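Please open the model in your viewer and keep the selection panel at hand. The tour moves from one selection to the next.

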Amino acid sequence: MKNYFKICSLFLIVALVSCSSNQDKEQKYHGNFEKIKALEKDSIEYEVKSTDLIGNTPLILVETKEVSFFIPERKSKIQAYNCSECHTKTIPELKFKNLTGKKAHDSIKLNHATLEELTCNSCHPTQNLDHLKSNLNAKIDFNQSYKVCAQCHSSEYKDWLGGAHGKRVKGWVNPRISHTCVDCHNPHSPKFESRFPAKLNTKKIEEIR
Amino acid sequence: MSKEENKNVENSQNTWHQITSENTDRRSALKKLTAGLIAGVGIASTSCSVFSEDQEKEASQLSWDEFFKKNYKIMSDEERVQTVQRLESLYEKKTGNTINISHQGPLDDVLFGYVFNISKCQGYMDCVNACVEENNQDRDSEMKYISIHQIEKGHGFNFEKAEDEFTNEVPLKNHFYIGTQCFHCENPPCVSVCPTEATWKEKDGIVVVDYDWCIGCRYCSASCPYDGRRFNWGQPHVPEEEVNKNQHYLGNRLRKKGVMEKCTFCIQRSRSGQNPACVDACPTGARKFGNLLDPKSEIRWILENKKVFRLKEDLGTEPKFWYYMD
Ligand code: SF4
Ligand code: SF4
């Protein structure tokens, strides 16, 4: 029995020694968080900037008490902005005329909450269509459309500001450039559609189809 | 036989003669032609072999040098440049196309981390598609670094009940989706078991493989608790026009038969400030990538403000890949 213990402890010592000699020169941490805390840096300068990666896309600054980052400019991507170039009359004025024929925005199907909660007029003011509006009828610029969304979707908004919701544009390096709500969600029909997966099983999908 | 009949026979014989003589003419003409062709080809082939002898010599010299190079981990910067140049010119000699193989090292003050939002993933698999194309994975065996698992809600993270080869429209009712890949463990068992030190963890946390030092023993694959590694059972094949020419030595450069590979957080992209291809491809924003050492990064905000967890935490592998829900 004694011998058995001796052998065991000898084995242990050998194992321990070989273990410690095996360790890299790199310092060992108990887990990622200890390592992160030990090595983190308040201001890090990267050689590459995210602005180099995206080219000449114009950017809009989003700034709150906690964070500041950029989103891509929106208005230039809206087909036929300014709206007032067609909408010379306000909506109430238009309604008085008996309009026949095809309407310009017929393709838009509102599939966002219910019509009791949300209509065109909830986001688009009837008087001036060149900007959006808040629930309290304050003007909101199309470039800051996230402010309209944030009124109802407050938890998504909070997560978006922090970075848990949404998506970065191109790079992970500074300065942060994130997509804004309408870059991923169609505001008139914000839910993601169901569809067949993009890859894998593609062969099988072809068979099914 | 009447006179007429005789004439007919004569005629037909004449015709026959005509035909045969025409045939002989054709045959001899063909003969002449082939002789000419052979001579021509001969001339062409001799000129060709004169031309290619130098090239062949150079190529075999390059392959020779490649064969006897060191493990990338212990190469000097100069040696790294040399091997990269050799690989580039060997590829050009073989295909006539140029590639760019980077040997960029880890950036200072960077430790890469990844988070995955389970509530957002819809099973679209755009990430898988992008990964295969970005990383030149074998098309024949349909190798994929990323697995997306379709799991019925209400059973927790039961990977045994997961459907990995789903063919249904997604998202399927009452199911959720979770992606796995190499988690770039801080204490990677795959690294400690490798007998040739062909795989290791870089300073920025990326676990890499030197495909030229891997002997294909697959110990690492057996030791990985997360099914993170992929093995080339055959000669990997990527159609020339689909080869991503923007490569990294430790990343998506072309592999050969019998070596291990895996996700490298798209080292060729991430070290130059870009997101990994999967992060860019995901339409739902379920995938987040960033620098863990930057307290202002989004990934740090998520780790500090969301309920995050990792798979098989009790193993102590310390993956740098977290999951969270909205
Ligand atoms: S997930 Fe597997 S392959 Fe990736 S580092 Fe961890 S043990 Fe190694
Ligand atoms: S398969 Fe290659 S990388 Fe993996 S343990 Fe064996 S030699 Fe090392």
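Which residues surround ligand 2? This is a predicted model, in which local features need pLDDT of at least 70 and side-chain atom pairs count only at pLDDT 80 or more, while totals for chains, interfaces and linings use all residues. Residues are numbered from 1 along each chain as its sequence is written, chains are lettered from A and ligands numbered from 1 in the order in which they are written, and side-chain values use heavy atoms, with hydrogens and water left out.

Select ligand 2: B:Cys194, B:Pro195, B:Thr196, B:Thr199, B:Cys214, B:Ile215, B:Gly216, B:Cys217, B:Arg218, B:Tyr219 and B:Cys220 surround it, each with a heavy atom within 4 Å.

B:Cys263 is buried, at 8% relative accessible area, where buried means under 20% (1.4 Å probe, protein chains only). B:Cys127 is likewise buried, at 6%, and its sulfur lies 6.5 Å from that of B:Cys282, the closest cysteine sulfur, which is too far for a bond. Over all chains the structure holds zero disulfides, a disulfide being a pair of cysteine sulfur atoms within 2.5 Å.

Finish at B:Asn136, in the loop between helix 3 (126-134) and strand 3 (147-152) of chain B. B:Asn136 is buried at 2% relative accessibility, and its side chain reaches the backbone nitrogen of B:Asn244 at 2.7 Å.

Definitions and conventions
Buried < 20%, exposed > 50% of the residue type's maximum accessible area, 1.4 Å probe, protein only. Helix = DSSP H or I, 4+ residues; strand = E, 2+ residues; numbered from the N terminus. Polar contact = N/O pair within 3.5 Å; in protein donor to acceptor, adjacent residues only side chain to side chain.
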